[in-house]
Amino acid sequence: MTAGPVRLNVNGTARVIPDVPGPERLLDTLRWRLKLKGTKEGCRTGDCGACTVLVDGRSCLSCLTLAHEVDGSAVTTIEVGPDELLVARVRAAFEAAGALQCGYCTPGFVMAVAGLLRERGTAAPREELLEGLGGNLCRCTGYAAIVRAVDLLRTEAP
Amino acid sequence: MTAAARPDAGVKLAGTAVFGTDVDVPGMLWAAFVPAPLAHGRIRSLDLRAARALPGVTVLGPEDLARFFGPGERDQERSLFAQGEVVYRNQPLAVVAAPSALEARAAVAAVTVEIDPLPIIADLETAFPEWPGSDVGASPLVAAHVHARHGNVEDEFRGADRVLSETYRTASVHQVALEPHACVAEIRGEVWYVRTSTQSPFGVREDTASLLGIPESSIVVDGTWVGGGFGGKGSSFLEPYALLLARATGRPVRFALGYRDEFRLGRTTLPAVVRMETAVKDGRIRARRVRLLLDVGTSLPGRDFATGYSIGFLLGPYRTDAFEVEGYAVRTNKPPFGPHRAPFAPQCAFVVESHLDHVARELNLDGEEFRASHLWREGESTLLGQTVGPFGIAAAFERARATARAWRAEAPPGHGVGIGCGFWSTSTGAGGEVRLRLDPQRLVVLEGEREIGSGSVLAGLTAVASRVTGLPRDRVAIEYGDTSVAPYDSGVYGSRTLGALGRAIEEASVALRRTLAERLGARGQAELSVERGEIYAEAGERRAALTLLLTPDEHDAGGLVADGRHYAPSRLIDDRRVLSGTFYPYTDFTGAAHVAEVAVDPGTGAVRVVRYAAFHDAGTVVDAGAAQAQVEGGVAMGLGAALTEEAIWSDDGRLVNAGLLDYRIPTLGEVPPISVEFIEGFAGAGPFGAKGLGEPPIVPVPATVAIATRAACGAHVTELPLSAERVARALKLL
């Protein structure tokens, strides 16, 4: 892949990003070209989940995804506004459950939970939802409050 | 218990909180280290010319320090670059700045270095293969030595019914803050300015000044949001290099570590070997001998602390009339040792608890009763002859025993239930100052620490300020300042924030309320309240809106100001017990007893923690939600140290598992339900009798899991972590 423009719909806005090098990761395009720093850089090897975003509604590790691979896609990041109802609900559940401490894994967790709920729905078995979060690491909370946030989402009416 | 909403939830959930990795200044360059390609050797040549010839690239090596920055009073013991000799793999030889990360990597690759290899001491086993059978005292590898004794140790050992001796080994564990170290430096006129993700802006300032040989007053450190610290972000690391490059290039410089380097270069807990000997008579401990070999890597400063502070934890919170402790800091070809949440205390608790459980088993005594009957009570004496203050560990242990009994009654075959305990001493003694500013709408707490996630600032200090002034929490705001405007504070470490800054807030609040009482023509302290959106003060018979009590100057300056400080009195230690080395007194005793139920796979030895309960003496709990969250998170981190976390070095000094796939921290599915209970009634030195809680929750965890594992399957594992392989070996499956 050579350098060239990448077309993305980011959080509802169409963007054409010129001259993106072929090997550039979506993570770096979001953070350094679009200045969307809410998506966090952790390991850059796909092990921590801090960089999780939604691509066409599905959760995606932006550190292992080339920007050109998702050319033409819709990308949702933590900066998305309150009219994205699913992300807004996840944010509210995290706040109510106190499901964050340092906050570095938080954007990735919020997007991963949103992606899971979109894919499986709140009626999915609890174990299935929790297993779906095994790729997101958190060092502060011991996951306890994050699990409480997921439980809140499951008991709420959608 | 419902969790209180965190004041930082909004920015963190919107993605607008700027962490160290997020700082973005137009025109900034990207920095990278030129790493040493081997762990020990003499540098024959370092050729930076090809790298310097690349467009837009600046390279600084050892010789440039003097050339660029004159003969300042630089710290000679800790040089920024390897000088003459390389002592650990990836040690910085030089540092580059380039317009992009890619170009910085290309510049690093263009450096050529010739190094004549020297023998590598990769670990304690290479350094002292015969230990504890051999003496290490005179070895040049010993960087620090501590030795203390009390009572008639020889006589007690001679007169004992039984003497039990064991050797334990503990692994190196990494902090794994998800945000790697990151900063952006700029030179603004005469000011060396750096924005950085740190637990201690003032510590970075002091340390950077000493490393660069420039006055502290010319450096300004501004903290960003911190993506986890856990001890790893307590002093300067990348900042001096980024500042040097900014000075040399005239451009802002971003320096962020990749995660692999975070592992390779991070300063953390290194391995240890401990020899425990216990003399028992009539079912009581009569004397103990503890010897410690602690790998301190290439540490220079801090090596005394590493041994002199740690070794006190090796007697545990248990009464011993006679003891001898001796510790050696051993130099190896690893990066410097550094603090990791409750430095070395979880490892010590694992050794102490496992050993005492073993002693009881050998004597056919009940392990829990044996430990419970020796636990410190208030008024007893520590290793160094300090008196133990109010301390709820025995009460916590009793609660843990009740839970363990209930769980045992329900546990299926193959499961085991165990109790472990541990103590910690919070560092409220280190100085802290705050400024309170009261305006007609709100109270601002101006202080020099950033919230690092634990909640100690935004939950803890907010709660304290609310309680001492009587204002509701939503009227209290925390304002961080950079080091040019904030009151001095030594940083977020040692579980000290709540205690030290909380007491400083108490003092400032008294001053503030006295001033208001005077202005109302009364004595004592004014009471504050909020009415129709405005703050009122009341004293004696008078009451007035704050807006009427402020002078015009105060209105201009943003409110009425009062300062508070807290420097705890130093605690004396009994010097007669110290034979050599530097020991450190403990300040505020916090303790916990934990219970784990584990299941052990009889075929593989894999240990799974099924449920967990934690009982903590944290003095007075000031924010229930934040306190519970600290314990849950600390337990999970401890489960990693107990079961999977181990930084592994090869014989040639290479960290072989430098990544999150191979260095395994617990994932969501691996952390069991954790119940948390606080044992109140044992007041600490903090405000309203609070005790620090950042570190204590991790301390008992590896011990608890080890004791539960032995109960489940009989495996007596004397090494951390309790990997499936180690358990299987103990069960003779391998």
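**Close-up views**

**View 1. The crossing of α2(A) and α5(A) is right-handed.** A crossing counts as right-handed if the near helix is turned clockwise from the far one by less than a right angle, and as left-handed if anticlockwise. This is a predicted model, in which local features need pLDDT of at least 70 and side-chain atom pairs pLDDT 80 or more, while totals for chains, interfaces and linings use all residues. Residues are numbered from 1 along each chain as its sequence is written, with chains lettered from A and ligands numbered from 1 in the order in which they are written. Helices (H or I, at least four residues) and strands (E, at least two) are DSSP runs, numbered from the N terminus.

Helix α2 (residues 85-97) and helix α5 (residues 144-155) of chain A pack with their axes 8 Å apart, at an angle of about 130°. Axes are lines fitted to C-alpha atoms, for helices over the stretch in contact, and angles run from 0 to 180 degrees between N-to-C directions. α2(A) and α5(A) are therefore oblique to each other (under 35 degrees is roughly parallel, over 145 roughly antiparallel, 65 to 115 roughly perpendicular, the rest oblique). From α2(A), the contact uses R89(A), V90(A), A93(A), F94(A), A96(A) and A97(A). From α5(A) come A145(A), R148(A), A149(A), L152(A) and L153(A). Residues are in contact if their C-beta atoms, placed from the backbone, lie within 7 Å. Nine of the contact residues are nonpolar, none polar and two charged. Nonpolar means Ala, Val, Leu, Ile, Met, Phe, Trp, Tyr, Cys and Pro; charged means Asp, Glu, Lys and Arg; the others, Gly among them, are polar.

**View 2. β1(A) and β2(A) form a hairpin with two residues between them.** Strands pair if DSSP finds at least two bridges between them. Here six bridges join β1(A) to β2(A), and the two run antiparallel. V10(A) faces T13(A) of β2(A). In the turn, N11(A) has a positive phi of about 50°, although it is not a glycine. Most residues other than glycine have a negative phi. β1(A) also pairs with strand β5 (residues 74-76) of chain A, in the parallel sense, over two bridges. There, N9(A) has A74(A) as its bridge partner.

**View 3. Seven strands of chain B make an open sheet with mixed pairing.** Their order is β3-β5-β1-β12-β9-β10-β11. β3 (58-60) and β11 (219-223) of chain B are at the edges with a single partner strand each, so one side of each has no neighbour in the sheet. From one strand to the next, the twist averages 25°. Three bridges link β3(B) to strand β5 (residues 92-98) of chain B, in the antiparallel sense. V59(B) has V96(B) as its bridge partner in β5(B). Helix α7 (residues 201-212) of chain B packs on the sheet and touches β10 (191-196) and β11 of chain B. Its direction makes about 150° with that of β11(B).

**View 4. In chain B, 46 residues are in contact with 40 residues of chain A.** α1 (9-14) and α18 (624-643) of chain B each supply at least two residues of this side of chain B. The largest share, seven residues, comes from α18(B). By class, the side of chain B has 25 nonpolar, 14 polar and seven charged residues.

**View 5. A cis peptide bond joins W131(B) and P132(B).** Its omega is about 10°. P132(B) sits in the loop between α5 (124-127) and β7 (142-150) of chain B. Another cis peptide bond joins L720(B) and P721(B), with omega about -5°. P721(B) sits in the loop between α19 (701-713) and α20 (724-730) of chain B.

Note on methods: Two residues are in contact if their C-beta atoms, placed from the backbone, lie within 7 Å.
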